[in-house]
Amino acid sequence: MSTGESVVPIPRHRLLALLGSELLTMFRRWRTIVMLAALALVPVLIAVAVKVTGAGSRGHGPAFLSDITENGLFVIFTALTVSIPLFLPLTVAVVAGDTIAGEASFGTLRYLLIAPVGRVRLLAVKFASSGVFAIAAVLAIVIGGIAAGAALFPIGPVTLLSGDTVGVADAFGRVLLLAGYVAISLLGLCGIGLFISTLTSMPVGAMAATVVLAGVSQVLDQLPQFEVIHRYLPTHLWLGFADLLRNPILFDSYGQNAALQLGYVVIFGALAIGRFTTKDILS
């Protein structure tokens with residue numbers, strides 16, 4: 001099998017068709033459906049637990065937990081806060097780790113390249129599909145939170161961290177901003193998972209390695225001995241969305257997080273290209 005990028009130009013509509021096919025295949029898999037359903041269930045479980053037992057006292061439990069009984073919108077904030085450290089990276093790692101390694105394990109990788117698609121373009125499509133899944137994963141939690149919060153608790157004006165009160169429309173706008181922040185936070189992990197996926201034909205290994213790296217990053221971020229590298233860790237700003245819940249909204253952390261994740265996408269994307277374009281494809 002020839003290595004390197006195909007010299008045949010690929011029309012844009014064929015790339016879009018390939019991306020559409022990739023997304024259709026991904027979202028038809030039972031694995032994807034189950035993961036999205038499980039994420040949507042997280043806010044439902046939180047809402048039911050609070051409804052049955054009552055919210056915990058302030059200072060105990062996840063952030064915003066004590067505010068749920070007063071306003072169902074806080075179910076969304078609590079669920080996202082709970083899901084960011086483990087559930088979201090776990091599901092994203094499963095998809096990102098499977099991008100290339102999964103095709104290799106099924107013996108379909110070389111047929112994709114014969115299309116012709118080109119290796120760099122295939123990597124771009126695979127990264128884009130994992131990014132779309134990251135957005136879908138966050139939206140699953142948001143939708144589940146809206147449904148559970150509205151069904152079990154009153155929905156009304158929201159008191160922000162700054163002490164100001166905003167209307168429901170403004171609060172929903174902040175929910176969307178927060179969802180965008182979390183989705184952006186996962187893009188760096190998508191890039192890392194894509195690179196690891198080019199190193200092996202065992203998707204389970206790539207998935208596990210991506211999850212472990214996300215966990216190690218979070219552990220290092222909690223250790224003061226590694227403070228010098230904290231701001232460079234991909235998970236450092238995952239929970240830095242507090243400024244979105246203040247009035248006025250400050251976008252400093254939003255921009256810093258986007259720049260950090262873009263850096264990881266560029267670095268690990270380049271590593272993935274370097275590895276994949278020089279790799280003999282045998283399956």
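Residues are classed as buried under 20% relative accessible area, exposed over 50%, and partly exposed in between (1.4 Å probe, protein chains only). By this scale Arg31, at 33% relative accessibility, counts as partly exposed. The model is predicted: local features need pLDDT of at least 70, side-chain atom pairs count only at pLDDT 80 or more, and totals for chains, interfaces and linings use all residues. Residues are numbered from 1 along each chain as its sequence is written, and side-chain values use heavy atoms, with hydrogens and water left out.

Salt bridges were examined next. A salt bridge is a side-chain nitrogen of Lys or Arg within 4 Å of a carboxyl oxygen of Asp or Glu. The count comes to six salt bridges. One of them joins Arg31 to Asp98, with the closest N and O atoms 3.2 Å apart. Arg31 belongs to helix H2 and Asp98 to helix H4 (residues 87-98), so the pair ties together parts 67 residues apart in sequence. Helices (H or I, at least four residues) are DSSP runs, numbered from the N terminus. Asp98, at 10% relative accessibility, counts as buried.

Lys126 takes part in a further salt bridge, with Glu22 (3.0 Å, N to O). This pair links distant parts of the chain: Lys126 sits in helix H7 and Glu22 in helix H1 (residues 12-28), 104 residues apart. Lys126 and Glu22 are both buried. The side chain of Lys126 also meets that of Glu103 in a salt bridge (2.7 Å, N to O). Glu103 lies in helix H5 (residues 101-106) and Lys126 in helix H7, so this pair ties together parts 23 residues apart in sequence. Glu103 is buried, as is Lys126.

Helix packing was also described. Helix H2 (residues 30-53) packs with helix H7 (residues 119-152) at an angle of about 30°. Their axes are 8 Å apart. Axes are lines fitted to C-alpha atoms, for helices over the stretch in contact, and angles run from 0 to 180 degrees between N-to-C directions. Angles under 35 degrees count as roughly parallel. H2 and H7 are therefore roughly parallel to each other.

Phe226 is found in the loop between helix H10 (203-222) and helix H11 (227-230). Phe226 is partly exposed, with a relative accessible area of 35%.

How values were computed. Helices (H or I, at least four residues) and strands (E, at least two) are DSSP runs, numbered from the N terminus. Angles under 35 degrees count as roughly parallel, over 145 as roughly antiparallel, 65 to 115 as roughly perpendicular and the rest as oblique.
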